[in-house]
Amino acid sequence: MTTSSSTTSSIAWYSPPRVTTEPVGFAARLTETIELLNEAATYTPCVFAHSLSAEDMVLFHLIATHRIDVQSIALDTGKLPTATLELWRRVETIYSRRIERRTPSGPRLAALSDVDADSQIYESKHIRALCCQIRKTEPLRLALAGKRAWVTGLRRAQSAGRETIEKNSFDVTFQLQKFSPIYLWSDEDIWYFIEKYEIPHSTLYAKGFASIGCDPCTRPIRVNEHPRAGRWWWEQTDPNTIKSECGIHVANANAQAGSLDLNDRTSL
Ligand code: SF4
């Protein structure tokens, strides 16, 4: 990862909280999470969109250990950090469960190379949104086609844009039921559970990364920075209200999907 070398400097970088005491109210939140996963599984067929994040490792662990009948998929955007790809292989072995790979394809993917999207994503919000649409939103849309529900690792505490997330609601973007079983979990809940059950997670968390996505669009954060300040940081205007999303979890993604055009750089 191009940015990780900077973690060796004297700057105080983020590290996950070490939580060895059960957070107040955690047992009730865990019980509700398992109930929601089981409820999601009744919407056959249901898929879990696994991002290999710490949150999604918690859900994957619960799905596997409680033998919940939900298929796991992950989007291989072609831009994932090596550490994420290594974790992917490792957890499939540890849990003896497959995480189905979904990849972008088609002429629009080739067109991203034509416009040199790798470098232009930093200068053009339009190209960045296109890249997210072609590498993430469209493959996810195909993966969700024909499904009745999907499960995500979204949490209200993650950002201002996510503080109204529902535990179970109809997803107007993808037209199916959407479950967010850990919607109420805190950072402490996540890391307490990971520590307690020794759940595998990305090595990047120990290098200052609090939220991990594609390699070009993820950087480590300093102590006291917003947890999602390392995602699309060049687009952030207010460090206290980080709202940038790839389009998968925002209501207008459906509209964007039909309107973004490689030749139009002015609409965003
Ligand atoms: S996160 Fe970055 S590299 Fe990944 S799809 Fe979006 S713009 Fe492209």
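This is a predicted model: local features need pLDDT of at least 70, side-chain atom pairs count only at pLDDT 80 or more; totals for chains, interfaces and linings use all residues.
Contact here means heavy atoms within 4.5 Å. In α7, the buried residues are D189, I190, W191, Y192, F193 and I194. The cover over these buried residues of α7 includes α1 (26-41) and α2 (54-65). In general, an α-helix has 3.6 residues a turn, so residues three or four places apart point the same way. Just past the end of α7, E198 takes a positive phi of about 50°.

Stepping back to the whole fold, the protein comes to 8 helices and 6 strands. Read from the N terminus, the order of elements is α-β-α-β-α-β-α-α-α-β-β-β-α-α. The protein has 268 residues, and 52% of them count as buried. As for how the chain folds back on itself, 72% of the contacts with a separation of 6 or more are between residues 24 or more positions apart.

G213 counts as buried because its relative accessibility is 10%, and the cut-off for buried is under 20%. Once neighbours within four places in sequence are set aside, G213 is in contact with L80, P81, T218 and R231. There is also L52, which is 161 residues from G213 in sequence, yet the two C-alpha atoms are 9.1 Å apart in space.

Next comes the ligand. The space it takes is the largest cavity. Around the ligand are K79, R128, C131, C132, R135, K136, C214, C217 and W232. By residue class, this shell divides into 5 nonpolar and 4 charged residues, with no polar ones. C132, one of the residues around the ligand, has a relative accessibility of 6% and therefore counts as buried.

Cysteines turn up several times in that shell, including C131, C132, C214 and C217. What does a search of the whole structure find in the way of disulfides? The search comes back with 0 disulfides. Another cysteine, C46, has a relative accessibility of 5%, so C46 counts as buried too.

Technical notes: Residues are numbered from 1 along each chain as its sequence is written. Side-chain values use heavy atoms; hydrogens and water are left out. A residue is near a molecule or strand if one of its heavy atoms lies within 4 Å of it. On a 1 Å grid over the protein atoms alone, a cavity is a set of points where a 1.4 Å probe fits but cannot get out, and a pocket is an open set with protein on both sides within 12 Å along at least five of seven lines; lining residues have an atom within 4 Å of a point. A molecule sits in a cavity or pocket if more than half of its atoms lie within 2 Å of its grid points. Ala, Val, Leu, Ile, Met, Phe, Trp, Tyr, Cys and Pro count as nonpolar, Asp, Glu, Lys and Arg as charged, and the others, Gly among them, as polar. A disulfide is a pair of cysteine sulfur atoms within 2.5 Å. Buried means under 20% relative accessible area, exposed over 50%, partly exposed in between (1.4 Å probe, protein chains only). Helices (H or I, at least four residues) and strands (E, at least two) are DSSP runs, numbered from the N terminus.
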